[in-house]
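Welcome, and please take a moment with the sequence and the model below. The paragraphs that follow lead you from a few single residues to the overall picture and back again.

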Amino acid sequence: MATGEAGPGSVRDGSQPRKRLEEAMRSRLGRECVYVPSCRFGLYAALRHWCPPGGRVLMSPVNDDVIFFVVLAAGLRPVQAPLNPSDASIDIDAVPDEVWGSLSAVLTTNLYGNPDPAPGLRARCDTLGIPLFEDAAHAIGSEVGGRPVGAWGDASVFSLSKHVGAKAGGILAVADPGLRDVLEKTCDDLLLPRRTTAELAYAVRPYAEAAVRGLGLRRAAWATMRLLGLTERDEIRMPLRPEELARAAASASGLDARDSLDAHSSLDAHDPWVRVDMHDYRLRAGRFRLGRIGRRLDGLDGVLADCRAGTELLLSTRWARPAGWEGARNRSPGAAQPLFRVPLLVADRDAAARALARRGIVVGYLYDPPLDDYAGAAFTDPSPSPEGARWFARHALPVDPLRARAAVAALEESGARPAEAPEGLVPTGG
């Protein structure tokens with residue numbers, strides 16, 4: 001029976017296609033998995049299961065703002081970590097002892113697929129007796145320490161929208177198989193009913209996107225969406241709306257996110273921020289959606305092979321690292337991961353992005369400014385050493401490895417210059 005095909009019990013609730021997705025990811029990770037409608041939803045479920053109300057979570061400031069708001073929605077305090085400037089991974093040794101002692105959990109980012117130092121973080125979390133969570137949205141094919149990314153944390157979350165290209169779905173994987181059913185129930189309790197309009201929109205989206213590409217209407221389509229109010233970002237970061245965010249936090253301040261009703265209420269209060277770019281992030285999936293995701297997941301190994309080849313090409317260019325950083329972790333020859341995006345480091349990121357746009361290569365997944373500069377001390381503890389994050393966020397140009405050759409040609413033609421290594425900032429973990 002093909003993935004997504006009807007089987008016993010699947011006509012009513014889609015359980016058979018969902019179980020097939022879970023089994024496919026379990027075989028990759030060696031861990032029990034729960035299908036979730038999105039990576040952000042799975043992370044919320046994990047945070048509310050493990051972390052006490054008001055707990056402090058160490059995370060990367062070069063990260064999607066949606067993830068920041070998920071941490072807030074779970075009733076937790078984000079704590080921004082110092083970063084390795086070569087790949088924006090957490091710099092374990094630069095986190096002060098007093099910060100380590102204050103934490104309730106650590107959340108990795110594995111930005112663009114470059115792994116955070118999970119073995120070291122795992123050891124530190126074990127010493128402190130706190131959970132490690134891995135956000136593996138960009139890193140479904142990456143490895144670190146001889147294991148897949150996602151096989152180190154107490155829980156890990158994956159996106160099936162990125163490498164898989166399904167535009168929907170996620171996986172919550174857990175280290176303790178005895179917790180799988182508990183977390184599945186937690187997720188079920190938080191899901192909203194399936195909407196026919198959402199399923200229909202998902203069904204027709206690939207055909208609409210193909211028509212826009214084929215007719216060369218990208219700019220007109222974006223202009224129309226902006227005119228109709230269907231886009232939620234005019235800048236890289238979504239509008240913070242601090243007064244509204246403070247009211248949402250206040251309304252959820254007395255709630256225990258581990259209680260089902262309170263978890264709903266807190267997520268509802270923060271929904272205007274958590275839903276950005278994916279309004280169906282907590283809807284139950286229909287069989288058509290699950291079937292399409294399954295078919296895309298079947299082709300993942302081929303996509304990863306192509307991503308690895310494109311990554312190797314991009315990492316061989318002069319934009320892969322500033323002079324003096326040739327030995328930076330994850331950037332040495334032979335160490336290429338099948339990255340979701342390859343962060344080239346260029347002197348003028350905006351000019352380089354425009355050069356790629358002229359070749360039809362859209363640069364997305366930018367995370368500038370870092371979260372502590374974006375949100376301020378009212379909503380997060382700032383990094384004790386913010387320079388590495390600021391430098392990386394300003395100079396990183398995330399390039400799709402599947403468009404590697406065209407991207408290299410566009411950058412060569414434009415005369416894009418590599419970024420200069422910042423004085424005093426030295427990559428760690430080489």
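Where is Tyr365 found? Tyr365 sits in the loop that links α15 and α16. Please keep in mind from the start that you are looking at a predicted model.

Tyr365 counts as partly exposed because its relative accessibility is 31%, which falls between the limits of 20% for buried and 50% for exposed.

The loop between α15 and α16 has other points to visit. Pro369 also has its place in this loop, and a cis peptide bond joins Asp368 to Pro369, with omega at about 5°. Arg358 is another residue in the loop between α15, which covers residues 349-357, and α16, which covers residues 371-375. Is Arg358 buried or exposed? Arg358 counts as exposed, because its relative accessibility of 64% is over the 50% limit.

Now step back to the whole protein chain. How many helices and strands does its secondary structure come to? The secondary structure of the protein chain comes to 18 helices and 11 strands. The chain has 430 residues, and 55% of them count as buried. Its accessible surface comes to about 18,000 Å², with 52% of that belonging to carbon and sulfur atoms. If you take the contacts between residues at least 6 apart in sequence, 74% of them join residues at least 24 apart.

Next, turn to a pair of helices. Two packed helices are described by the angle between their axes and the distance between the axes. Here, helix α3 (residues 39-50) and helix α7 (residues 180-190) have axes that come within 10 Å and cross at roughly 120°. The crossing of α3 with α7 is right-handed. Which residues make the contact? From α3 come Phe41, Tyr44, Ala45, Arg48, His49 and Trp50, and from α7 come Val182, Leu183, Thr186, Cys187 and Leu190. Sorted by kind, the residues of this contact are 8 nonpolar, 2 polar and 1 charged.

Cys51 counts as buried because its relative accessibility is 4%, under the 20% limit. Cys307 counts as buried for a like reason, with a relative accessibility of 4%. A disulfide would need a pair of cysteine sulfur atoms within 2.5 Å, and by this rule the count comes to 0 disulfides.

Another loop to explore runs between α9 (218-227) and α10 (242-252), and Arg241 has its place there. The phi of Arg241 is near 50°, a positive value in a residue other than glycine. Arg241 is partly exposed, because its relative accessible area is 27%. Met238 belongs to the loop between α9 and α10 too, yet Met238 counts as buried because its relative accessibility is 2%. What is Met238 in contact with, leaving aside its neighbours within four places in sequence? Its partners are Asp65, Val66, Phe69, Glu232, Arg233, Trp273, Val276 and Tyr374. As for Val276, its C-alpha atom is separated from that of Met238 by 8.1 Å, and the two residues are 38 residues apart along the chain.

Leu103 lies between α5 (97-100) and β4 (105-108), and Leu103 counts as buried because its relative accessibility is 7%. Not counting residues up to four places away in sequence, Leu103 touches Arg56, Val57, Leu58, Val79 and Ile130. Pro78 is 25 residues from Leu103 in sequence and 9.8 Å from it in space, C-alpha to C-alpha. Gly254, in contrast, counts as exposed because its relative accessibility is 70%. You will find Gly254 in the loop between α10 and α11 (260-269). Gly254 and Gly75 are 179 residues apart in sequence, and their C-alpha atoms are 8.9 Å apart in space.

Key
Residues are numbered from 1 along each chain as its sequence is written. This is a predicted model: local features need pLDDT of at least 70, side-chain atom pairs count only at pLDDT 80 or more; totals for chains, interfaces and linings use all residues. Side-chain values use heavy atoms; hydrogens and water are left out. Buried means under 20% relative accessible area, exposed over 50%, partly exposed in between (1.4 Å probe, protein chains only). Axes are lines fitted to C-alpha atoms, for helices over the stretch in contact, and angles run from 0 to 180 degrees between N-to-C directions. Helices (H or I, at least four residues) and strands (E, at least two) are DSSP runs, numbered from the N terminus. A crossing is left-handed if the near helix is turned anticlockwise from the far one by less than a right angle, and right-handed if clockwise. Contact means heavy atoms within 4.5 Å. Ala, Val, Leu, Ile, Met, Phe, Trp, Tyr, Cys and Pro count as nonpolar, Asp, Glu, Lys and Arg as charged, and the others, Gly among them, as polar. Accessible areas come from the Shrake-Rupley method with a 1.4 Å probe; for residues, only the protein chains shown count as cover.
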